Amino acid sequence: ALTVIEMSCAYAIEANNAGEPAIRLKDAPKPEAADFLIDPILYDRNPTIIFGDGGSGKSYVAMAMGAGLAKGKTYVDGLSVNRKCVVGYLDWEMSSWEHRGRFESITGPDMPEDLIYIQCVAPLPEDVDRLRKYAREYGINYWIVDSVAPACGGEPESAQVAAAYFNALRALGGASLSIAHISKMGANQDQKPFGSTFWHNLARLTWFAKATQLPEGISVALYNRKNNLGRLIAPLAIDLDFSDPVIGLRRGQP
């Protein structure tokens, strides 16, 4: 006879394999959340990619977006946060302490509780079960992936690898921001993330990031390369002032 634990495991596996039930499309429930979580940079319920060369400031922008969502209030003058989220920061590149330093440099010592750091080694498609456990434990409903190349678990040029990555994001639930890089070769390297065209096709919103130097910091210009849910968004910039221990952030002009 099956034990209670074995029966519970069997039911859990069956429910997971069954997935979401089919519905009549006319009966689809209207979400309560805003279309933009941070207007106009991050959509709700959909994947966003920010891509650029190394040193373009995209990771600082991602951390500022994550901090604002976790606080429910923007850290960038001139932007607005429409809904507070619990953010899961998935890191394949640095350490928790390094990210904590960057986090505090944006927020000051009063750091929001709801930015959850998760160090990752396995590719995202292979790590979904563990990450869904954290999602349930902490209530995570927004994901930041730093960064796509080590997270995807294969050659970024492969359509199959890109599709598996986005399927994994979908399985996690919530919306997401993925940090990606550009090709070092080719005339159109500022138009799409590095790798298969599926990185561009399967994201709902993509931004190309390019940094220029300011007297006390950098200005990260953001150029919208794709918007599946509306017209292309006019270019904008986020200026970072490093002259004080707490970085000054404001919306600027590219």
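View 1. Angles here go from 0 to 180 degrees between N-to-C directions, with axes fitted as lines to C-alpha atoms, for helices over the stretch in contact, and contact means heavy atoms within 4.5 Å. Helices (H or I, at least four residues) and strands (E, at least two) are DSSP runs, numbered from the N terminus. You're looking at a predicted model, where local features need pLDDT of at least 70, side-chain atom pairs count only at pLDDT 80 or more, and totals for chains, interfaces and linings use all residues. Residue numbers start from 1 along each chain as its sequence is written, and side-chain values use heavy atoms, leaving out hydrogens and water.

**View 2. Nine strands line up in an open sheet with mixed pairing.** The order is β6-β5-β7-β8-β3-β9-β10-β11-β12. At the edges sit β6 (115–119) and β12 (248–252), each pairing on one side only. Two strands pair if DSSP finds at least two bridges between them. On average, neighbouring strands of this sheet are turned by 20 degrees against each other, direction ignored.

**View 3. Strands β7 and β8 run parallel.** Five bridges join β7 (residues 142–146) to β8, and Val-145 has Ser-178 of β8 as its bridge partner. Also in β8 (residues 175–180) is Ser-176. Ser-176 counts as buried because its relative accessibility is 4%; buried means under 20% relative accessible area, exposed over 50%, and partly exposed in between (1.4 Å probe, protein chains only). Leaving aside residues up to four places away in sequence, Ser-176 touches Asn-46, Pro-47, Thr-48, Tyr-142, Trp-143 and Leu-169.

**View 4. Helix α2 is mostly covered.** Twelve of its 14 residues are buried, among them Lys-58, Met-63 and Leu-69. Just after α2, Gly-72 takes a positive phi of about 80 degrees.

**View 5. The largest nonpolar core holds 42 residues.** Such a core is a set of buried Ala, Val, Leu, Ile, Met, Phe, Trp, Tyr and Cys residues joined through side-chain atoms within 4.5 Å. Ile-41, Met-65, Leu-69, Tyr-142, Leu-222 and Ile-238 touch the most other members. Helix α2 gives the most to this core, with eight residues. Apart from it lies another core, of 30 residues, including Leu-90 and Trp-143.
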